Amino acid sequence: MKSHTRVVVIGGGVVGCSVLYHLTKLGWNDVVLIERSELTSGSTWHAAGGFHTLNADTNMAALQGYTIQLYRELEEISGQSCGLHHVGGLTLATSEDRMDFLKAERAKHRYMGLETEIVGPDEIAKISPITNTEGVLGALYDPLDGHLDPSGTTHAYAKAARMAGAEIVLRNPVLETNQRTDGGWDVVTEQGTIVAEHVVNAAGLWGREVGALAGVYLPLHPMEHQYLVTEETPEVYEREEELPHVMDPEGESYLRQEGRGLVIGFYEQACEHWAVEGTPLEFGHELLPDKLDRIGDALNFAFKRYPVLERAGIKRIINGPFSFAPDGNPLVGPVPGLRNYWAANGVMAGFSQGGGVGLTLAEWMVEGEPSRDVFAMDVARFGDWVTPGYTRDKVRENYQRRFSIGYPNEELPAARPFQTTPAYGIWKAGGAVFGSAYGMEAVNYFAPEGEALYEEPTFRRSNAFAPTAAECRAVREAVGINEIHNFGKYEVTGPGAADWLDRIMAGRMPGEGRLTLSPMLSPKGRIIGDFTITKLGASEFRLTASFGAQANHMRWFAEHLPDDGSVRVINISTRQIGFQIAGANARELLARTTKADVSNAAFPFMAARWMDIGICRALVQRVSFTGDLGYEIFVPAEDQIALYEILTAAGADLGLRPFGMRAMMSLRLEKFFGAWLREYRPDFMPAEAGLDRFVAYNKPVDFIGKSAVMAEKAKGPERRLCAFVVETDEADVHADEPIWIDGEVKGFVTSGGYAHYSQKSVALGFLPSELIAEGLKVKIEILGRMCEATLVTKPLFDADGARMRG
C-alpha cells in the first residue's frame, strides 16, 4: 500500500468500486480503495441483483437509467461479464390510485426519454404468463428492467478502475481517520497509515461506524431483508424467453427468473432492524437466520399471484442486511462540518443506483459540482437535528412503504412530531393539520370543526381543498397570519461581510434598512439558493432562504468563508421565528400594534425596520410570499407566544385568520412566484428560470458563477419558465407532467395547483423560448388525461403590484 494518495475510498462493495471507477474515468488516477475483507463483503454479495429505472424523483430516475446503460460499457472496458439480463419489468396496479401513480410516472418518462408504457391485463398475461391477473387493472412496463450478477458487476468496476491506475487493498480494516491541518486525512489501517487529500466513506453496512471515526453521525440503519430462491420449475425452464421482473406492490413483493427457477423477495410490514448497537466488525459473508414467519402472509398472497410458486420447492432462503437512510435515498456528497470528507452511503438499490452515485460523487469531487440536481440524495438534506432514534423510526417506515404509493400531498407519520415551535400548541388546539420538513412541524391547513385532522392522500383534490380556499379568501379580503419559522435564516456579520456577500450572491447588495432578492449560484451558474438579503447595519446582514436547505447552505458558506476571520455566519433558523401577516388589512393590523410609522412612505415595499410590536422587539420586513401586502415579523423564539397574543388581539375585528402552507402555495401561484427545488434548483440557470432580473450582471465584483451567467445572457436561454391556466376539474398538476404541443412533448411542469382566490388551475413549467407567446395553446398530461392549457403572462392577482407595493 502506498503512503500518499489523492483519494482513499473506504469500502469495496458495488458503490465503493463505482466511485473508484468514476474517479479514474474523470481523470483522477491516484486513488486507492481500502476494503476490510474481500470485494462484495457486506450487502453486495447477497443482493438479489435487480435493476430498474422507476423512481418518483426524476433526477434519481435519470441516474438509474445511466447506471443501467453503463453496464455494457463496463463489460467492454474490463472484459469482465456483468451477467446482464435485460428482460423488462412490470409494476402491477390493483387499485385506481395505483393506476394514477403509474400514469403519473409514465407521463414523467415521456419528457425524460424513457420508453415505458401502460399495459392492460391481457398484455400482462402475454408478457408474464405465470402472473395471475385477477384483480389487476394494469401495469407499467419498462423494457430496461432486468438483473445481473452482483459479484461480476462489482469486479467489473474494480477491474476497469485498476486498468486506469487505481489501487485496491484488501483485507485491511480502517482503524482511524484523522483530519490534518492542511485539510487532508491520515487514514490509519492495519497495514499502516496512508495520507489522502480526500476520504470517501462508501462503507455500506459499516457507514455509521466509519463516519464515527471522523466524528460525524450519518443517519443510516440496516434492515433485515429476505428473498427466496426456488428449485427448477418447468413453467420457467421450458420457455424460450426469460421471464420479466414483476413487482406486485399489493403483495409487497418482487419476482424474477433465476436460472431455471425463480427469485421472490418481500418488503414485509413485520420488518426488523439489524445491528442496533452497531454493525459487528467481523461480519462480512454471513447471512442472518431465516425468519419465514415474518413473511407468511406475503408468501400466501404470492401463491395466489404466481400459482407456480405453490408447486416450486424452496431451494434457498436469503436473509441479509441492507443499510437505509431515513427517506430511503442514498447519502452522497461532501459531509457538512468536515473538509474533504465525502459520503456514498445508504445505496440500498446498489445495482440500480450505484453507477449514478459513483458518477455524481466523482463529478462533485473532480469538477466541483454534479451535472444535475441531486438534492434528493445529498447528505446535507439532513441536519444535525437527526438522531439515531429518528433514523430508526423513519427507516422502518420507509422499508414498510417500499411498495406504497407516493402521493404528492402525503405526510408520513413516523417520528413525529419531532421539532416544534412554541406556537405548535395553539395551532393544534385550533384544528391544524400539520406537515413536516427538515424535522420541523408546520401547519398545512386548518380543518373545519368536526372534521378529521388528516388530509387524505390523493393525486386529485383532497379534503383540504375547501378549507384552503377559505384561508386564501381570508388573506385576500381581510388579513391572514402564518408562521415563518420554516425559513432558513442566517446572521452574517463582520468587517468583510458586505464584500463576502457581494461575491457569493449574484444579486445587488441592499442599502441599510432595505432588502433585495438574489440567487446564489454554483461556478457553472446553476441556482443553488434563492435568498432574501437584508442589510441591518454597515457590517450586519440577515439572509432568508429555504428551511430544508440549511445544512446545504451552511456547507456552502463554510467552504467559501475567508480565512482571516472577517466574516461570521450563524444559523439562527430556529432562534428567530415569528409570523407573517398578509392581506388587505395587514397594514392596519401592524399599525395597531406599534408606534412606528408604517405608512407606505415611511415603510415602503422591500424595507426592513426594528420595531416595538407591543412588548416585543421585532425585525419587520415588508415582503410576503403570498404576493400581497404583507409583513414578516421576526422575534426570538421565546417571544413568539407574546407576539401572537398581541397580533390576534389587535386583529380580532379585522378578520384575522390563520392560514397554512397549502394556502401559501396557492396564493403564490396567482403571482407566478417560483419555489425552491421546484422552479429554482440546481438544474436551472437564472435567465431560464426568470431570476435574471435579480442578477447584477454589471456589478464589478466577480461573483461566483458570473462568467457562466454572462454567457447565458449573451446567448439567450434555450428554454424559459412560463405560466399556464389549465382546464381541469378534479386533478391539478403537481410536478413533472409533460407539456404537449402538436402531438409532441415540448416541455415539462415544475409545479402548480389550484389558485383558489382566482379560481384557476395553474401550472408553471418550461418551454423552448421560441415557442413562448401569450395565449399559446398547449396540452398538459395529468394522470393520463390531456388537459387543455393556455400560456399566460399577466399574474392572476394584483398584476401591476399596486397592492403588494402600495
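Q: At what angle do helix α2 and helix α3 pack, and how far apart are their axes?
A: In this predicted model, helix α2 (residues 58-78) and helix α3 (residues 96-112) pack at an angle of about 65°, and their axes are 11 Å apart.

Q: Is that crossing left-handed or right-handed?
A: The crossing in which α2 passes α3 is right-handed.

Q: Which residues make the contact?
A: On the α2 side they are T58, A61 and A62. Helix α3 contributes K108, Y111 and M112.

Q: How does that contact divide by class?
A: The contact of α2 with α3 has four nonpolar residues, one polar and one charged.

Q: Turning to α16 and α17, how do their axes cross?
A: The axes of helix α16 (residues 586-593) and helix α17 (residues 640-650) come within 9 Å and cross at roughly 115°. This crossing of α16 and α17 is right-handed.

Q: What does each helix put into the contact?
A: Helix α16 supplies L589, R592 and T593, while α17 supplies I646, L647 and A650. By class, four of the residues in the contact of α16 with α17 are nonpolar, one is polar and one is charged.

Q: Is M606 buried or exposed?
A: M606 has a relative accessible area of 12%. The cut-off for buried is under 20%, so M606 counts as buried.

Q: Where does N340 sit, and what is its phi?
A: N340 is in the loop between β17 (331-334) and β18 (341-345). Its phi is near 60°, which is positive although N340 is not a glycine.

Q: How accessible is N340?
A: N340 has a relative accessibility of 27% and therefore counts as partly exposed.

Q: Which peptide bond is cis, and where is it?
A: A cis peptide bond joins R416 and P417, with omega about -5°. P417 lies in the loop between α11 (388-400) and α12 (424-429).

Q: On to the nonpolar cores: how many residues does the largest one have?
A: The largest nonpolar core has 89 residues. Those with the most contacts inside it are V9, L23, Y71, L74, V200, F724 and I780.

Q: Which element gives the largest share of this core?
A: Helix α1 (residues 14-25) does, with seven residues.

Q: What does V200 touch?
A: Not counting residues up to four places away in sequence, V200 touches V7, V8, V9, I10, V19, W342, A344, L361 and M365.

Q: How far is Y237 from V210?
A: Y237 and V210 are 27 residues apart in sequence, and their C-alpha atoms are 44 Å apart in space.

Q: Where is Y237, and what is it in contact with?
A: Y237 lies in helix α7 (residues 234-237). Leaving aside neighbours within four places in sequence, Y237 is in contact with E232 and R260. At 33% relative accessibility, Y237 counts as partly exposed.

Q: Which residues of α8 are buried?
A: In helix α8 (residues 296-305), the buried residues are A298, L299, A302 and R305. Seen down the axis of α8, they fall within an arc of 115°, so they line one face of the helix.

Q: What is on the face turned away, and what covers the buried residues?
A: The face of α8 turned away from its buried side carries the exposed residues D297 and K304. The cover over the buried residues of α8 includes β4 (89-93), β12 (221-230), β13 (245-248), β15 (261-266) and α9 (308-311).

Q: And α20, which residues are buried there?
A: K706, A708, V709 and E712 are buried in helix α20 (residues 706-715). They cover an arc of only 165° around the axis, which puts them on the same side of α20.

Q: What do those buried residues pack against, and what is exposed on the other side?
A: The buried residues of α20 pack against β23 (515-521) and α19 (686-689). On the other side of α20, S707, A714 and K715 are exposed.

Q: What phi does G716 take?
A: Just after α20, G716 takes a positive phi of about 90°.

Definitions and conventions. Residues numbered from 1 in each chain as written. Predicted model: local features only at pLDDT ≥ 70, side-chain atom pairs only at ≥ 80, totals over all residues. Heavy atoms only, no water. Core = buried A, V, L, I, M, F, W, Y, C linked by side-chain atoms within 4.5 Å. Buried < 20%, exposed > 50% of the residue type's maximum accessible area, 1.4 Å probe, protein only. Helix = DSSP H or I, 4+ residues; strand = E, 2+ residues; numbered from the N terminus. Contact = heavy atoms within 4.5 Å. Axes fitted to C-alpha atoms, helices over the stretch in contact; angles between N-to-C directions. Left-handed = near helix turned anticlockwise from the far one by under 90°. Nonpolar A, V, L, I, M, F, W, Y, C, P; charged D, E, K, R; others polar. Arc of directions from axis to C-beta.
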